[in-house]
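The entries follow the order in which I looked things up.

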Amino acid sequence: MRLAGKTALITGAGSGLGRATAQLFAQEGACVVVADISQRRAEAVAAEINQTNASPAIGLQADVTQGQAVSALVEQAKSAYGPINILVNNAGIAQIKDLLDITPEEWQRMIDVHMKGTFLCTRAVIGDMIAAQWGRVMNTASVAGMTGGPQNAHYAAAKAAIIGFTRSLALEYARSGITVNAVAPGLIETPMVKQGTGPAAEKVVDFFIRRIPMRQMGTPRDIAAAHLYLASDDAAYVTGQVLSPNGGYLV
Amino acid sequence: MAGVAGRVALITGAGSGIGRTTAQVLAKGGADIVVTDINLAGAEETAQAVTECGRKALALQVDVSDLHAVETATTQAHRELGAIDILFSNAGIGTQVAFTDMTEEDWEHMFDVHLNGTYHCFRAVLPEMKTAGWGRLISTSSMGAFTGGIRLTHYCAAKAGIAGLTVAMASELARTGITVNAVAPGVIDTPMVRKSPERWVKKMTKTIPMRKLGQPEDIAHAVAYLASEEAGFMTGQILSPNGGSYMKWC
């Protein structure tokens, strides 16, 4: 039980990577707050965990782009399980689109969900982490944030920004017992990959798999395991780093 | 989590410091350990510690710069503990010499131990990993490979060489079930670092955002993660526990 006695808040935990991370954290003894923009999905994942694990989970609805919603989320989480010790900023969206077809609204939405959401959630929990002199913030970058990719300008920009944010925050809190790191998934089998890539999903996925040296997609468990390592006491000296399970796609 | 339970791990330079602590951490995770070091007494002490964790250990005196010695050791290890599943190539030296004072021997010795030593160990264990269709090769680079360091040209060059070897091997082996990754320690509180003048250590500590040296455990746990079943999609990566001293773009 590597996270016994800890409370973890995971955004976008109603599916995919967030869901797998929530499940693994609960198995490792953390009380888990499953946050998602969909109330139904958040509650479903919490119910799954409560059926199978010793550690409890609660499902809460929140749109991470809304300051008030994030404050309310953290308050509800604290009244359930006490101050947040571990935050996984995982909520994200994907879209494959030529630059000229990206509307200003789509651009803004991409930046808001990833960047503003990460900022708001981190800001809402960091005070308690400072008070406890212990905290873990894990942000979700992407290999796309490091390599870029065609029809991916807004997504890659948002993901690269998350890396800059991660490093600055790591330095700011290096002496407060708080580590701040990012996980940069390669191509992982999730609902987002299927939805975000639209009708061409199969073609897009094939295109990328041919470029992954392992010739396979990762699974949500691969990302959850990276988060678990970073969340644990084992990674106490690791901060400002980007951990990238990507099958050798980017080395 | 399956972690490293039931695996056989070979660790070089395991007679002290990071190598010794990693042997203990992997043993606690359920692995048997082949403990090699150029100093047999150190290796035997580590083997004793592994045994106390309830796992099998084999202590061997090995100079990693000697390919024949490495091959002999892996053959014996295979005979006594079974095929090697995990290699942690950790043996290293940390001399400081100004570039203008550096002899050809200083330079060659540094490369013999670090880069050739890593190459020798990879080469010796790879065939059995290929047969098994599963393996974890973990090398030891250094934060210094990316930042440089004064009186450390030979060290930084060798450690950067290890990073190159690691990423190239990762690509080459990506479809074989074998992952290849490196740890790149920051300044860690080990006998190797403690050999430096106290003044240097103090000065160095002030430059670390966390304002403290890392402990051997910090690296051992990073190795344990990379060695685990769960890190199967991680390959060609360099994991650097360094207290925030260096944040690489990737």
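**Entry 1, contacts and overall form.** I began with chain A, where residues 24 or more positions apart account for 72% of the contacts with a separation of 6 or more. I count two residues as in contact if their C-beta atoms, placed from the backbone, lie within 7 Å. This is a predicted model, in which local features need pLDDT of at least 70 and side-chain atom pairs count only at pLDDT 80 or more, while totals for chains, interfaces and linings use all residues. Residues are numbered from 1 along each chain as its sequence is written, and chains are lettered from A and ligands numbered from 1 in the order in which they are written.

I noted nine helices and seven strands in chain A. Helices (H or I, at least four residues) and strands (E, at least two) are DSSP runs, numbered from the N terminus. For 251 residues a compact globule would have a radius of gyration near 18 Å, and the 17 Å of chain A agrees with that. The radius is taken over C-alpha atoms, and the globule rule is 2.2 Å times the number of residues to the power 0.38. Along the principal axes, the C-alpha atoms of chain A fill a box of roughly 45 × 40 × 35 Å.

A residue is buried if 20 or more other C-beta atoms lie within 10 Å of its own, exposed if 12 or fewer, and partly exposed in between, with C-beta atoms placed from the backbone.

The largest nonpolar core has 159 residues. Such a core is a set of buried Ala, Val, Leu, Ile, Met, Phe, Trp, Tyr and Cys residues joined through C-beta atoms within 7 Å. Among the residues with the most contacts inside this core are Val32(A), Val34(A) and Val35(B). I looked up Val35(B): leaving out residues up to four places away in sequence, its partners include Ile11(B), Ala23(B), Val50(B) and Leu58(B).

Is β5(A), residues 135–140, mostly covered or open? It is mostly covered, with six of its six residues buried. Gly135(A), Val137(A) and Asn139(A) lie on one side, and Arg136(A), Met138(A) and Thr140(A) on the other. In a regular strand the side chains alternate between the two faces of the sheet.

Four bridges join β5(A) to β4(A), residues 86–89, in parallel; Leu87(A) stands opposite Val137(A) there. Six bridges join β5(A) to β6(A), residues 178–183, also in parallel, and Thr140(A) stands opposite Val183(A).

I traced an open sheet of seven strands in chain B, in the order β3-β2-β1-β4-β5-β6-β7, with parallel pairing. Two strands pair if DSSP finds at least two bridges between them. The edge strands of chain B are β3 (57–61) and β7 (238–239), each pairing on one side only. Five bridges join β2(B), residues 32–37, to β3(B), and Thr36(B) stands opposite Leu60(B).

How many residues does each chain give to the contact? I read 31 residues from chain A and 28 residues from chain B. The largest share of the chain A side, four residues, comes from α9(A).
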